[in-house]
Protein chains: 4
Amino acid sequence: MKIKVGILGATGSVGQRFIQLLEDHPWFEVNYVAASPRSAGKSYQEAVSGRWLMSTPMPDNVKNLIVQDASEIDAAQGKCSIIFSAVNMAKDDIRKLEKAYAKEGFAVLSNNSAHRHTDNVPVLIPEINPDHTEIIHDQRKAYGWDKGLLAVKPNCSVQSYVTPIYALMEQGYKVSEMIVTTLQALSGAGYPGPSSLDMIDNIVPFIGGEEEKSELEPQKILGKVQDGKIVYNQNIKISAHCNRVPVIDGHTACVSMKFADKKPNLEEILDIWKNFKGEPQKMELPMAPLQPIIYEKENDRPQPRKDRNNDKGMAVTVGRLRDGNVFDYRFVGLSHNTIRGAAGGGILNAEYLVKIGLIEI
Amino acid sequence: MKIKVGILGATGSVGQRFIQLLEDHPWFEVNYVAASPRSAGKSYQEAVSGRWLMSTPMPDNVKNLIVQDASEIDAAQGKCSIIFSAVNMAKDDIRKLEKAYAKEGFAVLSNNSAHRHTDNVPVLIPEINPDHTEIIHDQRKAYGWDKGLLAVKPNCSVQSYVTPIYALMEQGYKVSEMIVTTLQALSGAGYPGPSSLDMIDNIVPFIGGEEEKSELEPQKILGKVQDGKIVYNQNIKISAHCNRVPVIDGHTACVSMKFADKKPNLEEILDIWKNFKGEPQKMELPMAPLQPIIYEKENDRPQPRKDRNNDKGMAVTVGRLRDGNVFDYRFVGLSHNTIRGAAGGGILNAEYLVKIGLIEI
Amino acid sequence: MKIKVGILGATGSVGQRFIQLLEDHPWFEVNYVAASPRSAGKSYQEAVSGRWLMSTPMPDNVKNLIVQDASEIDAAQGKCSIIFSAVNMAKDDIRKLEKAYAKEGFAVLSNNSAHRHTDNVPVLIPEINPDHTEIIHDQRKAYGWDKGLLAVKPNCSVQSYVTPIYALMEQGYKVSEMIVTTLQALSGAGYPGPSSLDMIDNIVPFIGGEEEKSELEPQKILGKVQDGKIVYNQNIKISAHCNRVPVIDGHTACVSMKFADKKPNLEEILDIWKNFKGEPQKMELPMAPLQPIIYEKENDRPQPRKDRNNDKGMAVTVGRLRDGNVFDYRFVGLSHNTIRGAAGGGILNAEYLVKIGLIEI
Amino acid sequence: MKIKVGILGATGSVGQRFIQLLEDHPWFEVNYVAASPRSAGKSYQEAVSGRWLMSTPMPDNVKNLIVQDASEIDAAQGKCSIIFSAVNMAKDDIRKLEKAYAKEGFAVLSNNSAHRHTDNVPVLIPEINPDHTEIIHDQRKAYGWDKGLLAVKPNCSVQSYVTPIYALMEQGYKVSEMIVTTLQALSGAGYPGPSSLDMIDNIVPFIGGEEEKSELEPQKILGKVQDGKIVYNQNIKISAHCNRVPVIDGHTACVSMKFADKKPNLEEILDIWKNFKGEPQKMELPMAPLQPIIYEKENDRPQPRKDRNNDKGMAVTVGRLRDGNVFDYRFVGLSHNTIRGAAGGGILNAEYLVKIGLIEI
């Protein structure tokens with residue numbers, strides 16, 4: 001008996017990715033799909049007709065699910081206990097809607113940025129900050145929720161550099177400053193996203209709001225739970241420059257990093273990355289990569305098309321570790337922005353919360 | 001009566017760009033084309049047949065020039081007084097060949113990296129270090145050259161960030177540290193260069209030798225002539241990460257910069273850039289852009305396809321100046337790598353040397 | 001004293017191309033720009049801010065023109081005598097609006113498809129059917145227009161194959177059947193046009209409405225004026241398959257053709273193409289290419305990026321003429337879709353009509 | 001106990017694809033890898049180091065196989081009974097080498113074009129001409145081979161249009177003339193293949209030798225075995241125009257077809273395609289697609305990136321069936337050129353030959 005899950009914004013590009021990744025999931029089964037009133041009442045197949053973007057066919061089991069109006073929470077009752085949220089609405093409305101679902105007892109795993117800076121909502125990467133989930137008890141107390149909860153995953157740009165950095169911090173090496181330049185894939189902008197007239201024989205050195213997210217969210221992820229709030233880690237300062245490049249999937253980050261005091265040598269870093277394992281690995285969660293960080297030795301790697309699918313799109317692939325000339329070290333990180341950085345990350349979060357019992361079945 | 005010029009490596013991609021840019025040059029006229037023995041003896045048209053890469057047709061006046069063997073310097077005698085060198089040979093051989101031409105009285109303007117760290121050869125950007133040309137007197141003395149000389153232009157990656165930085169240094173603001181990530185065009189690799197199988201839906205985070213050039217050459221350009229040598233400016237440290245991206249022409253640089261002591265405010269920087277003029281502008285040299293630095297206010301600029309041709313491909317276009325979060329400021333620079341960064345830069349160098357009389361006609 | 005012209009839809013991508021091509025036009029000067037009510041009242045610079053798509057800067061002389069509401073024809077009075085129409089409206093509304101301008105005495109040269117099958121409106125390629133302009137007298141009589149007139153240019157896909165075919169027909173060789181596959185550029189779809197997510201590592205084998213236009217319009221262009229109507233040439237049957245490919249500008253057509261009876265040999269065809277000249281060439285109109293058809297001998301040409309700009313984007317470049325295996329012959333044709341196939345074609349039409357006196361100044 | 005297979009040219013791009021597709025094959029196991037003398041003696045991992053092009057990691061079981069010199073046939077003895085040949089040599093040398101392996105008792109399944117017009121070698125698509133395998137008895141007799149045999153698969157361009165055409169012919173509808181324009185992927189050219197400088201913002205309307213293959217090979221595939229030879233079907237005439245487009249994998253064909261006498265209506269065609277099954281489907285061979293022809297109803301399909309992987313890259317996806325305007329009908333076909341059109345096709349051939357007992361284990 002699988003756990004029933006629902007998807008808000010199921011007809012959009014991230015919603016479709018959730019449906020694709022959940023097709024044969026050993027624990028979860030999609031049983032509720034919701035979207036805007038425009039799609040409500042249609043079968044999923046009908047609602048998405050002509051807009052199915054995945055490279056594998058639409059799973060048979062969702063074709064005939066009737067799309068519900070995401071704002072009518074009652075329709076979800078009895079249909080599922082976990083809600084993956086990828087709605088496209090005004091931030092205020094998203095905040096209210098996600099809390100309303102949580103109030104009704106659903107475990108809400110959000111893909112949206114709306115609640116990323118709500119101080120009792122964890123921005124969860126379970127290899128890094130599994131302990132942040134303890135804030136969920138505070139959440140429930142503060143909002144009077146019974147079984148409901150709210151957790152979010154970070155912006156798709158940050159996985160490429162936060163996991164490698166964290167692995168070093170975990171071993172006591174304090175990264176104090178980072179300068180990061182990202183080369184981000186088109187799918188990060190949703191569909192239709194950038195015009196082909198802007199992206200053939202061109203790059204665009206700007207993505208609205210992305211640099212702020214890339215600089216601020218890691219401070220929360222690397223922060224600490226204290227008195228019912230997550231306190232940001234201000235000891236690490238990040239400067240991000242975000243570019244859009246003509247790549248379908250896979251965000252690349254060129255990283256320079258500086259340590260506060262003692263620093264590991266190159267060999268130690270490689271060793272730390274190789275041996276890094278988080279809770280999802282120890283628990284052998286279905287969506288967890290065997291190794292969160294894969295190091296590629298060839299000097300022209302990682303490359304998006306060749307490395308984004310490593311370990312079903314859930315591993316961060318790293319390469320080109322070397323001296324920094326200005327900062328201590330440089331490296332390149334890459335992760336799949338719509339799998340590890342979006343739907344896959346959300347599913348892994350749900351798996352972790354089920355495993356530790358915070359999501360009750 | 002125009003000054004006759006010759007091109008070594010005339011059949012290659014940079015050689016072709018020289019021929020294209022010199023088509024209607026008011027001062028210069030191509031009268032000597034040389035390449036490898038394989039092409040020698042053929043008409044230029046014949047030698048290049050099927051490999052003309054420019055987007056404008058081959059100029060009529062070069063079609064019937066007979067290609068000479070570049071190593072047979074005698075063939076150039078009487079045919080030209082300036083030599084643009086873009087040969088493709090082993091570095092040692094290039095060094096010897098270029099000096100041999102200089103010895104025979106030719107003014108050699110090189111596109112190659114071979115002599116960039118020869119201590120009495122200037123790496124010339126005439127808006128920045130026109131005074132480095134005084135080293136030519138030392139050259140002539142050291143090597144016993146009469147009229148001959150040797151000057152080189154820097155690597156194609158550096159124009160995008162060195163000119164904007166220099167404009168600030170000229171006003172007394174000392175840039176001490178820079179972290180630069182470049183997104184470099186395919187044409188920088190020559191033809192055929194990267195495989196299309198590596199550059200569609202992909203980027204490559206590595207270009208052999210490029211980061212070293214990007215870090216070291218600016219120190220020479222910003223250095224000083226002292227006792228017959230160019231002394232590198234060690235007060236500025238640069239860390240470069242170079243990526244290849246699927247763009248035909250135009251190198252983009254994402255720059256973070258830190259000042260040694262006092263720093264200008266944002267408005268001052270914009271003002272300095274706007275008003276920056278070098279010798280080529282004051283002398284109104286034919287190849288000089290009206291303004292060496294063009295600032296684009298829109299937040300998603302500069303973009304390679306839209307800005308690389310600014311002022312016939314000779315201007316550096318800059319945008320996104322903002323606070324740096326870790327370093328003082330960040331900005332994006334862009335320049336055309338095969339015009340400003342290669343053939344156009346070489347022609348401008350020749351114009352300057354003619355104007356100040358170091359090239360005697 | 002230049003002739004004043006106006007542009008309807010001046011802020012759109014074709015409108016911008018008109019403005020770019022007219023920047024230094026020897027006869028014409030842009031003095032009236034109109035668009036939707038949304039842009040009306042703003043300066044052109046302001047109205048287009050952030051959406052200027054051309055690769056050369058916005059001409060100074062249009063920056064401060066006040067954009068008018070295209071539907072308020074009175075505003076054009078006294079400002080211009082020629083109107084280039086590239087509005088984006090419902091077809092019925094376009095038909096009415098263009099006729100309304102003509103009624104008020106303007107010579108309307110339209111880029112839109114709305115009037116292409118109105119039987120007294122010529123679909124003009126002045127190298128092919130200059131005699132169709134005589135229908136303008138019928139137009140004026142039928143609609144009671146005084147100086148006004150209405151002429152349109154064909155769809156951007158047809159120039160690549162209709163001109164080469166016509167050159168042969170002019171010499172008495174009757175093409176009876178053609179099967180054409182086009183590979184069309186992104187700019188043909190306007191901005192933003194196709195999503196980059198659909199056009200990287202992909203082609204799309206369909207363009208809405210394009211095949212019908214590609215099959216039917218040539219029959220009108222190659223038809224005859226008879227009794228105040230243009231009678232379609234039904235003796236030539238065309239089958240078109242239209243693909244969208246990731247190319248910025250330049251439509252390619254792969255053509256198979258069959259002759260009704262006698263057929264030229266390969267050498268004759270090359271000769272006919274080489275010597276083909278139309279009225280625009282004889283009259284030396286400013287926008288006319290020296291040679292309407294350029295034949296490229298190399299077997300891998302024409303290519304969009306290398307050949308689209310031939311003769312300022314106004315020539316059709318042809319290559320790969322060979323036996324057809326099923327039909328008589330095959331060849332590849334290419335033309336610049338937004339210059340020869342859109343704004344440039346419209347300007348050439350205006351030049352021709354001025355020259356023959358149908359547009360009175 | 002799996003059947004041991006070997007790969008000639010195992011280090012090249014097609015060789016790698018064989019290794020990838022055979023990783024978990026239920027019947028076959030790679031036990032012999034051979035290449036040029038340059039690679040001989042190295043482990044496979046070492047020999048391919050830095051040139052592994054697949055998007056999944058190199059299978060562990062081949063990493064330590066020692067690469068043999070392909071020309072030393074003795075080394076294969078006892079190691080395998082089936083040889084997949086994808087060597088890159090002069091055609092004459094390939095012909096000799098493949099026959100030499102067959103003489104030694106190996107079943108040689110070739111990817112090369114060398115033997116495609118040898119009259120007793122079948123060009124096999126087992127859904128279409130399984131009966132051509134009977135020629136293998138003649139082969140054995142003619143060459144004195146015992147267990148050995150030689151069969152080839154067709155050029156990668158033809159699967160997209162020959163299967164749909166054959167399905168109709170099987171039902172008694174004789175296709176007499178076809179005009180085909182292909183838009184072919186970069187991987188068809190091998191690695192490195194076309195320069196990125198030729199394939200960004202461009203297409204190339206020529207592929208050396210491809211049109212001849214695309215026109216002639218179908219006549220053999222659709223021919224008949226007679227008196228120990230395969231007699232070509234001259235009743236079908238094909239005219240092909242082949243373009244290279246910036247797509248990684250997946251060849252698209254735009255097809256116009258004419259019938260000799262009676263023709264099916266649109267509905268019948270769709271029905272025939274839907275119900276078409278060949279021997280591989282009836283035998284449920286491991287590599288066989290469930291349905292050889294998948295029809296996509298949406299009018300902008302098939303598209304390479306979205307449809308090339310249908311049924312593990314082995315199905316031909318067809319769309320846009322419609323009236324032809326000049327010929328009877330038009331449609332678009334697409335297949336994966338390095339799976340169905342290369343390694344996958346070769347494996348299916350081997351499976352079929354094993355199943356019918358011509359390859360003895």
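How many residues of chain C are in contact with residues of chain D? The count is 35 residues of chain C against 35 residues of chain D, where contact means that C-beta atoms, placed from the backbone, lie within 7 Å. The model is predicted, with local features needing pLDDT of at least 70, side-chain atom pairs counting only at pLDDT 80 or more, and totals for chains, interfaces and linings using all residues. Residues are numbered from 1 along each chain as its sequence is written, while chains are lettered from A and ligands numbered from 1 in the order in which they are written.

On the side of chain C that touches chain D, at least two residues each come from strand E7 (175-184), strand E10 (237-244), strand E11 (251-259), helix H11 (304-307) and strand E14 (329-335) of chain C. Helices (H or I, at least four residues) and strands (E, at least two) are DSSP runs, numbered from the N terminus. E10(C) gives the most to this side, with five residues. By class, this side of chain C has 16 nonpolar, 11 polar and eight charged residues; Ala, Val, Leu, Ile, Met, Phe, Trp, Tyr, Cys and Pro count as nonpolar, Asp, Glu, Lys and Arg as charged, and the others, Gly among them, as polar.

Between chain B and chain C, seven residues of chain B are in contact with seven residues of chain C. The chain B side divides into one nonpolar, three polar and three charged residues. Chain B is superposed on chain C by a rotation of 180° with 0.0 Å of shift along its axis (RMSD 0.0 Å), using least squares on the C-alpha atoms of residues with pLDDT of at least 70 in both. The two copies are therefore related as by a two-fold rotation axis. Both copies use the same surface, since 100% of the contact residues of chain B recur in chain C.

Within chain C, six strands form an open sheet with parallel pairing, in the order E3-E2-E1-E4-E5-E6; strands pair if DSSP finds at least two bridges between them. Strand E3 (68-69) and strand E6 (149-152) of chain C are the edge strands, each pairing on one side only. Strand E2 (residues 28-35) of chain C is joined to E3(C) by two bridges, and C:Ala35 has C:Asp69 in E3(C) as its bridge partner.

Two helices of chain C also meet. C:Pro164, C:Ala167 and C:Leu168 in H6(C) contact C:Ile269, C:Ile272 and C:Trp273 in H9(C). This contact has six nonpolar, no polar and no charged residues.
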